[in-house]
Amino acid sequence: MRGRVLRPGEALSAAIARVLAEPETMRRCARCRRPRPLRLFYWNPHMLDGWSFWCMTCHQEHYREAVA
Ligand SMILES: [Zn+2]
């Protein structure tokens, strides 16, 4: 026992790094309906599986439409 406690942030970074190390992991975007690599999705702790429903492109388009 070294008595070192892993902080939540460290565990999260490790989980993200593990997913990003597998570029073949695909996820279908709920907005554009295209299967895209998981690294093109935002990490979202509020989602059930930890990843956003929309790809980064859709998020950016949605944001542009929202501010236009
Ligand atoms: Zn999309």
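Between which two strands does the loop that holds Arg33 lie? In this predicted model, Arg33 sits in the loop that runs between strand E1 (26-28) and strand E2 (35-37). The protein contains 2 helices and 4 strands, and their order along the sequence is α-β-β-β-β-α. Of its 68 residues, 7% count as buried, and among the contacts between residues at least 6 apart in sequence, 19% join residues at least 24 apart.

**Helix H1 and Leu12**
- Helix H1 covers residues 8-20, and its 13 residues should span 18 Å at 1.5 Å a residue, which agrees with the 18 Å that separates its end C-alpha atoms.
- The number of buried residues among the 13 of H1 is 0, so this helix lies largely in the open.
- Leu12 has its place in helix H1, and it counts as partly exposed because 13 C-beta neighbours lie inside 10 Å, whereas a residue needs 20 or more to be called buried.
- Although Leu12 and Pro45 are 33 residues apart along the chain, their C-alpha atoms are separated by 9.5 Å.

**The loop residue Arg33**
- Arg33, in the loop between E1 and E2, has a phi near 65°, which is a positive value in a residue other than glycine.
- Most residues other than glycine have a negative phi.
- Arg33 counts as exposed because it has 8 C-beta neighbours inside 10 Å, and the cut-off for that class is 12 or fewer.

**Helix H2 and Cys58**
- H2 is hardly covered, since the count of buried residues among its 12 residues is 1.
- Cys58 is found in helix H2, and this cysteine counts as buried because 20 C-beta neighbours lie inside 10 Å, where the class begins at 20 or more.
- Once its neighbours within four places in sequence are left aside, Cys58 is in contact with Cys29, Arg31 and Cys32.

Definitions and conventions. Residues are numbered from 1 along each chain as its sequence is written. This is a predicted model: local features need pLDDT of at least 70, side-chain atom pairs count only at pLDDT 80 or more; totals for chains, interfaces and linings use all residues. Two residues are in contact if their C-beta atoms, placed from the backbone, lie within 7 Å. The expected span of a helix is 1.5 Å times one less than its number of residues.
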